[in-house]
Amino acid sequence: MQQFQGGKASQVSNLVSSYDCCGFYDEMFEPGGGPRPGVEFLADRLGSLPLGELQKRQKAADHELLNMGITFNVYGHAAGTEKIWPFDLIPRVIHEAEWRTIEQGLKQRIRALNMFIDDMYHDQRIIRQGIMPEYMIASSKGYLKQLHGMNPSKGIWCHITGTDLVRGADGQIYVLEDNLRCPSGVSYVIENREVMKRTFPQLFEGRNILPVETYPEQLLKMLQYVAPASARDPNVVVLTPGVYNSAYFEHCFLAQQMGVELVQGSDLVVSDGFVWMRTTRGLKKVDVIYRRIDDDFLDPNVLRPDSTLGVRGLMDVYRQGKVALVNAPGTGVADDKAVYAYVPKMIEFYLGESIILPNVPTYMCADPEECQYVLDHIHELVVKPANESGGYGIVLGPRASREQLAECRERIRANPRNYIAQPMLALSRVPTVVGDRLEGRHVDLRP
């Protein structure tokens, strides 16, 4: 049990003093019971609340989210698709010094990944020099041969990245995976902060907390920056697949916050070598498309012929440099969990540096020896398909049934290239409001 030391010990409510770390690394509390350095203010605030007050504020936050219409969709959920965003009132505190290290590590990683993507669509030096096997790219679902030789605006392929980070039992921050195609979630970061300011403003008093609300402004600046050189006043749009997409709220939110149009594929047309948006006043030229649909659906002329989400002829305009696409098509070659294992070597190859944020140890099923190890120890490992996202297809070995493990073995044997495996980490936890008490819940972080 946590026995909070320091601060106003006499005022500490049972809410905090009864909190149990259960042997896991806790983001707020030390193993001995006291709050971690720099988090004392949060433990003080929580401990000084009268019993029932935190639950009252949690209910107020949930009501605020309901009124604001902050939702997400769950594919295949039997009870319906649209859900109110789940929000917990207890923040995760990251000290600025640690955040600066994370920031430096993310910038290093993203620079190397951008250089890797560019290399894949040009000389493929990392393959020719034997650092990465050729089959990794030849068999990659995210590699688009149609884009070989493509030079996106300003040389940027990956404009927005959602890198998933976890902290292990050793306190070390690890990169769990890279998300470079159409990463989502930032709108919830912004709205979470706003809700917290309204329902628990005391946490912000006298604190120098880094802002998140400037994100839409920074996003718009970046989108305008990559516009074709001929566009003096770039027209930016957000391309959504529509209301049934799981991140549709975010598409609407970011378009509204940036002051740009939210469009679907049917709102756009290619004519005279440009992309145009249909409006009540006629056609208006589009210079930058922040696309929130996958590569395969962008242009039925070049990619999936049955796509009704994209724009026919879009890729021709893109190749001619008359429209910018964000993220650039083809970034999926680096959004591959098998390619992920090579990122440390990429950083050394392209940047001449050692990796700052390490990967989780990874077994490549494409390697016969590592594959055999995975098959023999599958009950201890987390098995992931290389080209899925959102947690789909993942098998947690220690929690899977014999039948599930047997099926997973067969899938690996049938297509070893499509699977990796990692040890099951004891992820760090944060105190979370559960009924009338605090309980630890495992967390990851997507900056």
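## The sheet

Four strands form an open sheet in the order β6-β5-β10-β11, with parallel pairing; two strands pair if DSSP finds at least two bridges between them. At the edges stand β6 and β11 (324-326), each with a single partner strand, so one side of each has no neighbour in the sheet. From one strand to the next, the twist averages 25 degrees.

A word on the source: this is a predicted model, where local features need pLDDT of at least 70, side-chain atom pairs count only at pLDDT 80 or more, and totals for chains, interfaces and linings use all residues. Residues are numbered from 1 along each chain as its sequence is written, and side-chain values use heavy atoms, with hydrogens and water left out. Strands (E, at least two residues) and helices (H or I, at least four) are DSSP runs, numbered from the N terminus.

## Strand β5 and its partners

Let's look at β5 (residues 236-239). Its pairing with β10 (residues 288-291) is parallel, over four bridges, and Val237 has Ile289 as its bridge partner there. With β6 (residues 261-263), β5 pairs in the parallel sense over three bridges. In β6, Glu261 stands opposite Val237 and Leu262 opposite Val238.

Both faces of β5 are covered: Val236 and Val238 on one side, Val237 and Leu239 on the other, are all buried (under 20% relative accessible area, 1.4 Å probe, protein chains only).

Axes are lines fitted to C-alpha atoms, for helices over the stretch in contact, with angles from 0 to 180 degrees between N-to-C directions; contact means heavy atoms within 4.5 Å.

Methods: Buried < 20%, exposed > 50% of the residue type's maximum accessible area, 1.4 Å probe, protein only.
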